[in-house]
Amino acid sequence: MGDSSNSNVQKAEELKLRANEAFKVNKFSQAVDLYDLAIELNSSNAVYWANRAFAHTKLEEYGSAVQDASKAIEIDPKYSKGYYRRGAAHLAMGKFKEALKDFQQVKRICPNDPDATRKLKECEKAVQKIRFEEAISVGEIERHSIADSLDYHTIEVESQYTGARIDGDILTLDFVKQMLDDFKRQKCIHRRYALQIVLQARDLLRSVPSLVDVNVPDGCHFTVCGDVHGQYFDLLNIFELNGLPSEENPYLFNGDFVDRGSFSLEIILTLFAFKCLYPTGMHLARGNHESKSMNKIYGFEGEVKSKLSDTFVELFAEVFCCLPLAHVINKKVFVCHGGLFSVDGVKLSDIKAIDRFCEPPEEGLMCEILWSDPQPQAGRGPSKRGVGLSFGADVTKKFLDDNNLDLVVRSHEVKDEGYEIMHDGKLITVFSAPNYCDQMGNKGAFIRFGAPDLKPDIVSFSAVPHPDVKPMAYANNFLRMFQ
């Protein structure tokens, strides 16, 4: 018995070392699998749980990271890294107050650790800022539209401005092309034109229902892209590969346009400009990152403040609430950012009836459509992210059958080839940010659907070079400390 136990401990340690090596080369899913095996052999080692928590954090599986770090703490209440990993996961979820408690505990265990001291101070600052913002915040009922108070006509364009210009109130393709070139050279357009684009996009977006029906005539095609996350130069590559958006070459970008990548403003102005230029040639869906809480942490808020102004931060938050939540292509293909629901029997009419003009709630249909993920096993389970849920092939089949649909397309998750087909071919994940955050090594993908058969034609592509501006360059200072 003793020999067997010692053997298991030794094998577990070998697996941990292999997992650590996988982690070092950014193979985080492989690292999780190896830590799984180590834990099966020796579940009483707090280090294994804390290390797996770190790998989950890298995969944005923050709910799983919190669970693993909590298990490490349960095994060894004086293990500072357990609190550290849990604090980092809470931070990534925007739960600053919970993170503060964990970093206070790290400081108690390691009072002379300068790194722990520095991170605790940053966390305290973040919590103080949140409390201040909560104290001065205005309730939803009292809040007035920032967009209604803004008029781009009143903003003068200085004579020395040399960038793209809009003559009058109508965007043109020539303007958009020049804007794209300006962005390539890391030049921002004038705030007058940025304001015009955002306000005109708002008018178009708020006029559509929460679920949009898309009609693709026979002989025509329609392209669905997943997350682009501020990777502007990869967006340009999509247009190189598949053509610019137009009424004859329509696109749907399926949420998470912004955050993490440091060209998020360029991305959103490009997508909004094409929406203004071709209202039925550019469809846009909300992702979980089109929200104040995510933008505050993952970079978009900081980027907009740096490149435009605080006023634009408020404006984008308002316009993101106008984005629809789902699309149905030719009554057969259901497209949303996250996934399906915690209850059976949800009809398309229920989705269309969602009042989406708000920040995403923490539960309910709107939360789940933005946050949920598919799982290989049947039924439903807790979310790896700590928000939404995981759902199996049986849930997908019932939703499709109930609504006379053939396929679910969703985004929200990095995939090695840019896509993954699951649930007996009834669900496709598409992710369009290759080499995500400059470290994941994944491909991006997009899906072309041709009418009338709507057979998915999936195109994978690799990352292209971009200027030396790191991902998360504008992110919350505290969060950057953990990257």
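Predicted model: local features only at pLDDT ≥ 70, side-chain atom pairs only at ≥ 80, totals over all residues.

Biologist: What makes E6 and E10 count as paired?

Modeller: Pairing takes at least two bridges between the strands. E6 and E10 have 3 bridges, so they pass that cut-off. Within the pair, Val-335 stands opposite Val-409 in E10.

Biologist: And which sheet order do they belong to?

Modeller: An open sheet of 6 strands, ordered E1-E5-E6-E10-E12-E11, with mixed pairing. The twist averages 20° from one strand to the next.

Biologist: Why are E1 and E11 said to stand at the edges?

Modeller: Strand E1 (211-214) and strand E11 (419-422) each have a single partner strand, so one side of each has no neighbour in the sheet. As for helices, H17 (residues 393-402) lies across E6, E10 and strand E12 (427-430), at about 115° to E10.

Biologist: Why is H5 called roughly antiparallel to H6?

Modeller: Helix H5 (residues 80-92) and helix H6 (residues 96-109) pack at about 160°, their axes 8 Å apart. Angles over 145 degrees count as roughly antiparallel, so H5 gets that label relative to H6. Their crossing is left-handed.

Biologist: What classes of residue make the contact of H5 with H6?

Modeller: There are 9 nonpolar, 4 polar and 3 charged residues. Among them are Tyr-83, Tyr-84 and Leu-91 of H5, and Phe-96, Phe-103 and Ile-109 of H6.

Key:
Residues numbered from 1 in each chain as written. Heavy atoms only, no water. Axes fitted to C-alpha atoms, helices over the stretch in contact; angles between N-to-C directions. Helix = DSSP H or I, 4+ residues; strand = E, 2+ residues; numbered from the N terminus. Parallel < 35°, antiparallel > 145°, perpendicular 65-115°, else oblique. Left-handed = near helix turned anticlockwise from the far one by under 90°. Contact = heavy atoms within 4.5 Å. Nonpolar A, V, L, I, M, F, W, Y, C, P; charged D, E, K, R; others polar.
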